[in-house]
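Work through the exercises below with the model open. Try each task before reading its solution.

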Amino acid sequence: MDLTTQITKSGGNRQSSDSVAELDEDVDATYGGESNRAALRKESIRWRRSGSLATKNNQSYGRMLRYGNIIIHSSGIVTGPPLPFIYVPITYRYDGNDKRFLLESDQEFLVRIPWMVLSGDNYFVPALFLNRMLEPELSRLFPDKETVFHHLSRTFNKEQSPLDQVVDQVINCTLSEGLLPPVALDRPVVSANLNNSKVVLITTLHSQFSDRTRNMYCEHPSKGGVLVSIHQPSHEEWQQMELENHDLKAWAEIYLLCFADVLVTSAESAFGYIAHGPAGIRPWILKSSYSGRMPEPSCVRDTSIYPCFHSLPWYDCESCKWLSDSGKEISYVTHCRDFPHGIELVGQID
């Protein structure tokens, strides 16, 4: 790993048995000391049998802190026995001990461990820029901070409003912001100009979005004679967790979204985050609706192409206060427009 000289293996939580199998191959193929490789190989066998890289794994950094295997002294220094490897879960439900992975004092201890197994479902890179130990190397690797996820993704997810209201909001957003042409309600449908067209790709679990939008342009012509075609590759109707075929459909649709010229996403959408990063464009984000009312405006332009990191750690380790505003620590880390408590990377402000 360029930042810490460690050998890092990362894997998702869903097909975790596959991640462990890949880990075995990496242990055999890379360096790190024979004794360290042997210890990690033995642990990976146990992980494969359980089929999980769970947050409550006894080899996780947070659990070792919690049970005193690794100690945080009053001075802030972290100490512990020599370890052949460490497991770090950076997931949505990680706790205060797990979050310490992102802190400077803890990184000074962690860099001495040759192997790190990292499992995450958070876009936590903005928090790494707040770490003064890691920031210089990160800035060297990524002079344009906003493009970090764009580059990384190219080398390799509240209470909801009723569905009909969300569909109305999407249509209102695309029309009011000029993303789609308005319809001429007083004219019948006639032959459109094939040389003047817009293609709309809709990715959602529900078919109502494409049905409503398609019907709008089928029943009335668009102003200016623009031919608008609506496409929705799938409509699974509900989230099917840990089903590989379902995940493959989602990944295919995300890949198609990467070729879009304009993106409109719902707030706090992991699907949208993954798509607009590789596409390298700032999306239009639907504003959250309250009391069943259509928000005005319906959507706002995001400030960054980078995904939002929702689950922040604290940064005042000495006092352990939650009062520090992580979105104001450095100029290129700011709060997200769709999730004000989160942070994202933006182009550096001079």
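The exercises go from the whole chain to single residues.

This is a predicted model, in which local features need pLDDT of at least 70, side-chain atom pairs count only at pLDDT 80 or more, and totals for chains, interfaces and linings use all residues. Residues are numbered from 1 along each chain as its sequence is written, and side-chain values use heavy atoms, with hydrogens and water left out.

**Exercise 1. The chain**

Task: State how many helices and strands the protein chain has, and what percentage of its residues count as buried.

Solution. Start with the DSSP runs: helices are H or I of at least four residues, strands are E of at least two, both numbered from the N terminus. The protein chain has 12 helices and 12 strands. Next, take burial: buried means under 20% relative accessible area, exposed over 50%, partly exposed in between, with a 1.4 Å probe and protein chains only. Of the 350 residues, 45% count as buried. Last, the surface: the chain exposes about 18800 Å², and carbon and sulfur atoms supply 53% of that area. Areas come from the Shrake-Rupley method with a 1.4 Å probe.

**Exercise 2. Two helices**

Task: Describe how α11 and α12 pack.

Solution. Locate the helices: α11 spans residues 244-257 and α12 spans residues 270-279. Their axes are 8 Å apart, at an angle of about 40°. Axes are lines fitted to C-alpha atoms over the stretch in contact, and angles run from 0 to 180 degrees between N-to-C directions. That angle makes α11 oblique to α12. Under 35 degrees counts as roughly parallel, over 145 as roughly antiparallel, 65 to 115 as roughly perpendicular, and the rest as oblique. The crossing is right-handed, that is, the near helix is turned clockwise from the far one by less than a right angle.

Now list the contact, meaning heavy atoms within 4.5 Å. α11 supplies A250, W251, E253, I254 and L257, while α12 supplies F271, I274, A275 and A279. These divide into 8 nonpolar, no polar and 1 charged. Ala, Val, Leu, Ile, Met, Phe, Trp, Tyr, Cys and Pro count as nonpolar, Asp, Glu, Lys and Arg as charged, and the others, Gly among them, as polar.

Finish with cover: 9 of the 10 residues of α12 are buried, including Y273, H276 and P278.

**Exercise 3. Backbone checks**

Task: Find the positive phi values around α12 and the cis peptide bond.

Solution. Recall the background: most residues other than glycine have a negative phi, and most peptide bonds are trans. E268 is not a glycine, yet has a positive phi of about 60°. E268 sits in the loop between β8 and α12. At 23% relative accessibility, E268 counts as partly exposed. Just after α12, G280 takes a positive phi of about 75°. The peptide bond from E296 to P297 is cis, with omega near -5°. P297 lies in the loop between β9 (284-286) and β10.

**Exercise 4. Two residues compared**

Task: Are T265 and S304 buried or exposed, and what do they touch?

Solution. Take T265, in strand β8 (residues 264-265). T265 counts as buried because its relative accessibility is 12%. Leaving out residues up to four places away in sequence, T265 touches G272, P283, W284, I285 and L286.

Then take S304, in the loop between β10 (299-301) and β11 (333-335). S304 counts as buried because its relative accessibility is 0%. With the sequence neighbours up to four places away left out, S304 touches E146, H276, R282, P283, E344, L345 and V346. S304 and G347 are 43 residues apart in sequence, but 7.5 Å apart in space, C-alpha to C-alpha.
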